[in-house]
Every structure is written in C-alpha cells, then in structure tokens.
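Reader: Hi, I have a structure open and would like to go through some of its parts. Can we take it piece by piece?

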Amino acid sequence: MPRYRTLIPATLAIAAALFASGSAMADTLDATGHLEVTGKWTAKTRGQALTPPMGWNSWNAYRTEVDEEKVLGAAQALVDSGLAKLGYNYVNIDDGWWLKRRTSDGRMLIRTQIFPSAKLKGDSSFKPFTDRIHAMGLKAGIYSDMGRNACSQRFDLHSPNLPEGTAAEREVGLYGHVDQDIDLYFRQWGFDYIKVDACGLNYYGPDEPVVKSEGYRAFAPIIDQSAINRTDIPKVRALYQSVSDALAKSNADNDYILSLCNWGTADVRQWGHDVGNMWRTSQDITPEWTRMLHTFDSAATRALYAHPGAWNDPDMLFVGHGDFDENHLTEARSHFSLWAIINAPLIIGYDLRKAPKSLLDIWGNADIIRINQDRGGHQAVLEYMSDDVEIFVKTLSNGDKAVAIFNRGLAPAEVALTAAHLKMTGTIALTDLWSKDTQSFNGETLMKVAPRETLVFEARGARQLAEGLYLSEIPGNIHVAEDGVIVPQPDPMVHRMISPWDSSRGGGSRAAYTGWGGAQADSTPYDQNLQVAGHPFATGIGILAGSRMEVKNDGFTRFETQAGVDDTTQNLKDAVVFQVYGDGRLLTETKSVYGELAKTLSADISGVKVVELVARADNRTSDLPLIVTWGDAALKK
Ligand code: GLA
C-alpha cells in the first residue's frame with residue numbers, strides 16, 4: 001500500500017508534529033517495507049480491458065432523459081453503421097435509470113416507465129434489456145454511485161427521472177449495498193460494465209442546502225475537491241476496492257469492466273490502475289474547446305500509470321456537440337485523435353440514430369481506432385510541449401510509431417517533426433491517418449498545422465535502438481507500483497478553463513488533481529528535461545526516490561541504464577541506491593549516489609519475466625522530493 005500522509009482533519013495535528021520532529025519524520029520516511037520487490041507483475045489484470053474500452057453512453061447525448069428506445073436505437077445504429085465491428089461494443093446507460101430502492105429487501109427498482117421491457121409483476125429486471133443487447137453482439141453497461149445518492153439528485157433537480165419515494169428509497173447508490181447491487185446488476189441482470197460515480201461521497205454534507213431541501217440523509221463528505229488534505233484517500237480507495245472485489249465474486253467469467261468516476265479526486269490518478277479498469281482523471285468534459293483541453297491534459301502526462309487492463313480516462317467523447325459538432329470538424333477530429341493516441345476509452349455520447357456521415361467518418365476512422373486499440377497498450381508520450389504545440393508519440397506493438405501533432409492555439413503553426421521525436425533514424429515513411437497521404441523524410445520535416453488541428457501519422461522506419469526498446473517507448477509494459485510521492489500535490493500542468501458553471505466568479509480555476517511529481521517518460525516528475533550532473537538525457541524515466549517499477553520483459557537479454565540523482569532535485573541532502581531485480585533476485589545495484597555522474601547499470605535479464613527498478617533513499621533526512629533519472633533505460637537483445 002502506498003504510504004500517504006493522509007491529512008484528514010483529525011490527523012492534521014499529528015502530521016504537523018511529524019513534520020516538526022526530525023527523528024519522527026525520519027522514522028516515517030525510512031519505512032521502506034513498501035519497496036519490497038515482488039518478483040511479479042502486480043498490476044490489475046482482472047476485467048475485460050486489455051485495450052481501452054469502446055462504446056456508447058447515454059449521458060453526453062441525453063443527460064438523465066434516457067430511455068430504452070434511445071439506448072436500443074444507439075445499439076442498433078452501432079451495428080448498422082459498422083461502428084460495432086470497429087470495436088464500439090459497450091452500450092452504457094448512465095444516470096436516470098432508477099426508480100427507487102425497495103426498503104423491504106434493499107433491491108433496486110428500475111424506472112419501467114422509460115425502460116418498459118424491465119417491467120415484471122411487482123418487480124423489475126434489466127435481464128430482457130441486456131438479453132437484447134447481447135443478441136445484437138454487444139455488451140451492456142450500467143451506472144451507480146459510490147455514496148448513497150447520485151449526481152442527478154444534486155445537479156439535475158429538474159429531471160423527470162429522479163429516484164422517488166422516502167429518503168431511504170431514494171438512496172440508490174452502492175453505499176452499504178455493494179455486494180447486493182453488484183450481484184443484481186451483473187449475475188442477475190447480466191451487465192458487463194459499471195461506471196461508479198462519487199457524488200454521494202462529496203456533495204451531501206449536513207450543511208448542503210440540497211440535503212435539507214430534498215430531505216436526504218446527510219453523508220459527511222470524504223472527498224473535498226479543493227483540499228486533498230480534507231479528502232480521506234484510503235477510505236475512498238477502499239470503497240472502490242470493495243466494488244472491485246464484489247465484481248470479481250459475481251463474474252466468474254471475468255467479463256466485466258469497472259470504471260471509476262471520482263473525477264481525478266482522492267489521488268485516484270495514482271492508485272486507479274490498481275483498483276479499476278479505467279479512472280476519470282478530471283471533472284466532467286463539456287462540448288467546449290477549452291474544457292476538452294482541461295480533461296485531456298489531466299490524462300495526457302500519465303502514460304506510465306496506464307497499461308493493458310487499466311486506462312486513464314479523460315471522460316467520454318463529446319464529438320458531435322458544441323465546439324465539436326459537424327460545423328467544427330477540425331476540432332472534432334482533434335478531440336477524437338487526442339483521445340485515441342493517449343489510449344483513452346472511446347465512448348461516443350451522441351444520438352447515433354441521426355448522426356451525419358461527417359461524424360460517423362470520425363468515430364469510424366479505422367486507422368485511428370487501430371492506433372488506440374493496439375494490443376501493446378503503450379499510451380503516447382509527450383515528446384515536445386509548449387502551450388501552443390504538442391507532439392505525442394506512441395509505440396505500436398510492431399515497433400512502428402504513431403505520432404499526433406497538436407496545435408492547441410489560434411494561429412497556424414509550423415512544426416518541425418524530427419527523427420529524434422520518434423526515436424527513429426534514416427528514412428522515415430509517414431502515412432497521414434486522416435487524409436491517407438504518404439511522405440517520407442530524413443532528419444526532420446516541416447509541417448503546417450492549422451489552428452486547433454491535430455495531424456496523426458503512422459511512422460515506419462528504423463528505430464534508434466534497433467536491437468531493443470527504451471523504457472520510455474513502452475509505458476504499457478511498466479507498472480509504477482510505488483511512485484515515491486509522499487505528499488500528494490495538485491498538478492499545475494492541466495489547462496485551467498473558465499468554469500462553465502461559475503464563469504469568472506470567485507478566485508479562479510485552480511490546479512486540482514493530485515499526481516504532480518508522478519513518474520514520467522522522457523521528463524522529470526516535475527516537467528523538466530532529464531539531466532544528471534550536467535549531462536542531459538533525451539530518453540529515460542523520471543521518478544522520485546522511494547519508488548519501485550515493474551517492467552515486463554518479453555525476451556530481451558540485457559537491461560541497461562545510466563542512473564543518477566537528477567539535477568533538478570529539490571532534496572539536496574540525501575543519497576540514493578539504484579537497484580535492478582530480475583524476478584525478485586537482485587541483479588545489480590549502485591552504491592549510494594548523490595550529485596555525481598550517472599552510474600552505468602547493466603544486467604543480464606535472459607529468461608527474466610519481470611525486471612524491477614528500485615530507487616531507495618533509506619535514512620532520509622529531508623522530506624523534499626528526491627528526483628532521480630533512469631537515463632537511457634532500455635531493454636536490449
Ligand atoms: C457526473 C459524472 C458524469 C455523469 C453525471 C451523471 O457528473 O462525472 O459523467 O455520469 O455525473 O449525473
């Protein structure tokens with residue numbers, strides 16, 4: 001378990017005392033039990049998300065005004081349009097489906113007025129509905145909340161589809177009913193996917209006006225979106241873990257997906273990969289350009305936290321609406337391309353019964369989908385960034401690359417794409433995955449990128465490391481088991497839009513999602529270039545000391561790196577020991593290093609399945625982040 005200092009109010013005083021007392025702090029920091037090597041790939045492998053989930057969800061199309069005809073219409077349209085064949089196979093009902101919880105036995109009842117096939121004598125069941133979805137060759141998803149009450153009961157009070165009855169009957173969320181509800185939804189009703197929201201953990205405190213006006217039972221919040229110190233991280237995590245456990249119990253066939261929807265709170269960007277198959281990294285997307293930038297950024301620098309079975313989720317697609325409608329196809333293609341290249345789940349949120357061809361061509365771009373669904377599961381890594389232009393590069397399982405060149409700004413941009421961005425050499429062939437045009441280049445090529453445009457290419461050529469792979473090329477083979485972050489901090493690299501809800505009232509849109517200081521490919525944890533003792537590294541993994549990564553090895557025979565304390569470290573006092581393990585056995589290590597040239601580590605990993613990279617800083621005297629670089633880290637033949 002990660003060793004957070006969770007500063008919920010009751011522990012604030014104790015924590016302050018720890019910070020104040022040098023020896024007490026050292027004791028806490030020196031508890032290195034969490035760095036014990038496992039010799040195994042311990043990342044979550046349960047559930048059906050070897051590649052990012054794809055499908056359709058009712059929310060962005062209808063909010064709570066969902067009904068059976070609309071959902072079945074979407075399912076039919078997925079089949080008829082060919083989108084289902086391209087992989088869009090989950091059909092998910094979001095908020096709005098419930099009528100009440102029957103208090104005699106706690107069973108959830110469906111609003112059969114809008115889901116007529118669910119009507120039974122004195123009861124209700126989604127089984128006829130999921131049978132129909134399954135008969136179409138598709139899978140079915142449902143929605144709940146981790147607390148007692150859902151989001152619509154707070155934010156959609158005008159809705160005709162709110163839960164009804166007494167306060168107890170309107171407690172439709174999972175809280176206190178996890179095993180019962182999961183058994184009902186999966187084993188009895190046959191669902192294959194659940195999205196679990198978190199409004200019930202956040203918005204129903206005793207002083208909330210809505211609690212009084214609607215007569216809800218108060219729930220002392222365990223999430224505070226503006227203060228991680230007032231968020232009970234272990235409790236939020238444990239609640240979601242209980243859903244994960246219940247799903248494993250009620251799905252003997254392992255055919256399910258757990259989608260965590262607590263909007264980047266409670267440090268989920270750090271632990272989501274151990275609990276769910278996908279986890280929201282931010283608040284809700286809206287059909288506005290700057291809001292899309294916001295949710296995209298919250299996932300875009302988290303490549304090392306995603307891998308087959310576990311994906312960063314910047315929220316569902318809004319293609320077809322607002323700034324991404326059929327009159328804004330450049331923006332719509334950008335939105336879709338960006339989601340695809342960072343391995344985001346591709347969940348359509350549009351009334352597909354009346355979708356124009358121009359939009360169907362976007363969701364239906366088989367080449368872009370192929371990039372997203374590549375079985376390697378390597379989320380694209382940010383290889384160039386400025387506020388205007390970003391270049392993301394994703395390694396495909398055959399060793400080729402996909403590259404997205406994104407112009408975030410309002411002026412046309414001239415962008416030099418270099419062989420170094422792609423970690424390739426010699427003549428490189430590019431295929432534009434939107435226009436299908438081809439070209440080739442040596443060294444670098446200049447591209448014109450229109451405002452808000454994203455060019456996406458597939459690149460073929462010789463890789464720089466012909467006989468191996470840099471670790472930064474294969475984030476999907478890396479599990480950051482412990483990232484060394486002691487005090488979770490909000491990530492300032494996320495675009496902060498004017499809030500669609502508050503406009504410019506109040507003090508502004510502040511950095512909100514913790515994870516700052518997390519492990520990064522080709523960057524330090526704090527968005528700097530990698531450099532040790534004056535020597536820059538174009539590639540490597542940047543992470544904090546007190547960390548352990550598991551790396552899958554598919555047949556390589558050597559691991560090599562130049563490891564050292566990064567020149568940007570904030571902790572100027574403590575030293576680090578770098579260790580390389582193979583299937584749990586220590587293969588090589590450095591002596592204690594600090595402020596020196598990077599040390600070469602080279603290990604024979606023939607036959608090894610899991611390489612573990614540990615950066616230990618035992619006997620630390622300072623709590624400040626101790627930044628380390630695994631420079632040029634690579635698996636070689
Ligand atoms: C939250 C979620 C959305 C949607 C709504 C439903 O806002 O983040 O995706 O599920 O609740 O009320």
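Reader: Where is Asn254 placed?
Author: This is a predicted model. In it, Asn254 is in the loop between helix 9 (233-250) and strand 9 (257-261).

Reader: What is the phi of Asn254?
Author: Positive, about 65°, although Asn254 is not a glycine.

Reader: And is Asn254 buried, partly exposed or exposed?
Author: Asn254 counts as partly exposed, because its relative accessibility is 25% and the range for that class runs between 20% and 50%.

Reader: OK, next one. Where is Asp522?
Author: Asp522 is in the loop between strand 23 (520-521) and strand 24 (530-532). Asp522 is not a glycine, yet has a positive phi of about 60°.

Reader: Buried or exposed, that Asp522?
Author: Buried, because its relative accessible area is 11% and buried means under 20%.

Reader: Switching to helices. At what angle do helix 4 and helix 5 pack?
Author: At about 15°, and their axes are 10 Å apart. Helix 4 covers residues 68-81 and helix 5 covers residues 127-135. The two are therefore roughly parallel to each other, since angles under 35 degrees count that way.

Reader: Which residues make the contact?
Author: From helix 4, Glu68, Val71, Leu72 and Ala75; from helix 5, Phe129, Arg132 and Ile133. By class, that contact has five nonpolar residues, two charged and no polar ones.

Reader: Left-handed or right-handed crossing?
Author: The crossing of helix 4 and helix 5 is right-handed.

Reader: How many bridges join strand 22 to strand 27?
Author: Four, and the two strands run antiparallel. Strand 27 covers residues 547-552. Glu482 stands opposite Arg548 in strand 27.

Reader: Last one. Where is Leu601, and is it buried or exposed?
Author: Leu601 is in strand 31 (residues 599-604). At 3% relative accessibility, Leu601 counts as buried.

Reader: What is Leu601 in contact with?
Author: Leaving aside neighbours within four places in sequence, the contacts of Leu601 include Phe559, Phe578, Val580 and Trp630.

Reader: And how far apart are Leu601 and Thr112?
Author: They are 489 residues apart in sequence and 64 Å apart in space, C-alpha to C-alpha.

Notes
Residues numbered from 1 in each chain as written. Predicted model: local features only at pLDDT ≥ 70, side-chain atom pairs only at ≥ 80, totals over all residues. Heavy atoms only, no water. Buried < 20%, exposed > 50% of the residue type's maximum accessible area, 1.4 Å probe, protein only. Axes fitted to C-alpha atoms, helices over the stretch in contact; angles between N-to-C directions. Parallel < 35°, antiparallel > 145°, perpendicular 65-115°, else oblique. Left-handed = near helix turned anticlockwise from the far one by under 90°. Contact = heavy atoms within 4.5 Å. Nonpolar A, V, L, I, M, F, W, Y, C, P; charged D, E, K, R; others polar. Pairing = 2+ DSSP bridges.
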